[in-house]
Amino acid sequence: MPTFSGKTAIVSGAAGGIGGGAALRLAEGGADLALFDLDESAIEPTAEKCRAAGAEVLTARVDQTDSASVQQGIDRTVEHYGGVDILSANAGYCALSTLLDQPLEEWNKHLAVNLTGTMLLAQGVARNMVERKSGGAIVIVSSGAAVQHVDQASAYSVSKAGVKMLTEGLASELGPHRIRVNGIMPGLIETGMVSPIFDLSSTSKARLIAGTPVGHLGTPDDVGALVAFLASSDARYINGHSVMIDGGALLH
Ligand code: NAD
């Protein structure tokens, strides 16, 4: 198991499924945590599990579409812990629409939350790491939709393709500062985000499982385990890559 003892990790989207899975894996590895999300009280169940795993936990309401809010969250974390060693960036937004019917505000919201918000978080955290000359690791969740079209999710796919390139740009720029930046491209993971998008009633779920060679859908813990690996020193020679985690579904 990776060890993060003495390290501080910021986890965004911590009230959500994948953010919750990542936070718990980092806590189990010994990290202390700053958990960010839009609704601070909704972070509490994850915060409790992480405390039970032995982590010190700070929670903060951060709207990552707002640069001042992102900076406040990072400043609070730095004030409390002295610095940031790991960023696990998970917050995201997805709503379905055809491009012909796509309202401009919805298009802009996908870019603001998924792409610009992730850039703001990574930029703020990386500035702290560079200033402290501490090195660090940044793990950014994009999506399988970054490389494979999903019906009625073009705004989401475009934003996530941008996140994949953001990961590469950050990795190239920050590598010389001993900061590694990698991405994760999940396939279908059962969380609050997918239930309004995919019909997970038993027949449709069986069809989705039939299209997944390993024979089951993914869980937040599956992604959390990959976040922990990529954030750990075991992954010290992995930089700038986005790893697909989809049970082989993209092969179909
Ligand atoms: P989720 O809905 O459970 O979690 C997303 C979290 O992001 C929520 O807690 C939400 O409050 C937060 N968030 C949304 N807008 C925000 C904002 N402006 N500022 C701060 N926080 C905000 O969904 P999830 O499935 O856990 O998704 C986590 C990440 O994984 C997302 O980036 C998503 O696009 C990506 N992803 C998910 C799947 C999947 O199948 N679940 C597949 C591929 C990629």
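Let me start with a definition: helices (H or I, at least four residues) and strands (E, at least two) are DSSP runs, numbered from the N terminus. With that in hand, Arg 178 is placed in the loop between α5 and β6 (179-186). We will come back to that residue.

Two notes on the model. It is predicted, so local features need pLDDT of at least 70 and side-chain atom pairs count only at pLDDT 80 or more, while totals for chains, interfaces and linings use all residues. Residues are numbered from 1 along each chain as its sequence is written.

Now the overall layout. The chain holds seven helices and seven strands. Read from the N terminus, the elements go β-α-β-α-β-α-β-α-β-α-β-α-α-β. The radius of gyration, taken over C-alpha atoms, is 17 Å. The globule rule is 2.2 Å times the number of residues to the power 0.38. For 252 residues that rule gives 18 Å, and the chain's value is close to it, so the chain is as compact as a globular protein of that length. Along its principal axes, the C-alpha trace spans about 50 × 40 × 35 Å.

What share of the residues counts as buried? It is 46% of the 252 residues. Buried here means 20 or more other C-beta atoms within 10 Å of the residue's own; exposed means 12 or fewer, and partly exposed is in between, with C-beta atoms placed from the backbone. Next, contacts. Two residues are in contact if their C-beta atoms, placed from the backbone, lie within 7 Å. Take the contacts between residues at least 6 apart in sequence: 73% of them join residues at least 24 apart.

On to the sheet. Two strands pair if DSSP finds at least two bridges between them. Seven strands form an open sheet in the order β3-β2-β1-β4-β5-β6-β7, with parallel pairing. At the edges sit β3 (57-61) and β7 (242-245), each pairing on one side only. On average, neighbouring strands of this sheet are turned by 15° against each other, direction ignored. For that angle, axes are lines fitted to C-alpha atoms, for helices over the stretch in contact, and angles run from 0 to 180 degrees between N-to-C directions.

Let's look at β4. Strand β1 (residues 8-12) runs parallel to β4 (residues 86-89), and three bridges join them. Ile 10 has Leu 87 as its bridge partner in β4. Val 11 stands opposite Ser 88. Then there is β5: it pairs with β4 in the parallel sense, over four bridges. Leu 87 has Ile 138 as its bridge partner in β5. In a regular strand the side chains alternate between the two faces of the sheet. Are the two faces of β4 covered or open? Both are covered: Ile 86 and Ser 88 on one side, and Leu 87 and Ala 89 on the other, are all buried.

Now the ligand. How many residues surround the ligand? There are 29, and the closest are Gly 16, Ala 91, Gly 92, Thr 191 and Met 193. A residue is near a molecule or strand if its C-beta atom, placed from the backbone, lies within 6 Å of it. Two helices, α1 (17-28) and α4 (104-132), each supply at least two residues of this shell. Helix α1 gives the most, with three residues. By type, the shell divides into 14 nonpolar, 13 polar and two charged residues. Ala, Val, Leu, Ile, Met, Phe, Trp, Tyr, Cys and Pro count as nonpolar, Asp, Glu, Lys and Arg as charged, and the others, Gly among them, as polar.

Last, a few single residues. Glu 106 is in helix α4. With 15 other C-beta atoms within 10 Å, Glu 106 is partly exposed. Leaving aside neighbours within four places in sequence, Glu 106 is in contact with Ala 95, Ser 97 and Ala 155. Pro 103 sits in the loop between β4 and α4. Pro 103 is exposed, because 11 other C-beta atoms lie within 10 Å.

Back to Arg 178, as promised. Its phi is near 60°, a positive value in a residue other than glycine. Most residues other than glycine have a negative phi. Gln 152 also has a phi near 60°. Gln 152 lies in the loop between β5 (136-141) and α5 (154-174). Gln 152 counts as partly exposed, with 14 C-beta neighbours inside 10 Å. Arg 178 is partly exposed, with 14 other C-beta atoms within 10 Å.
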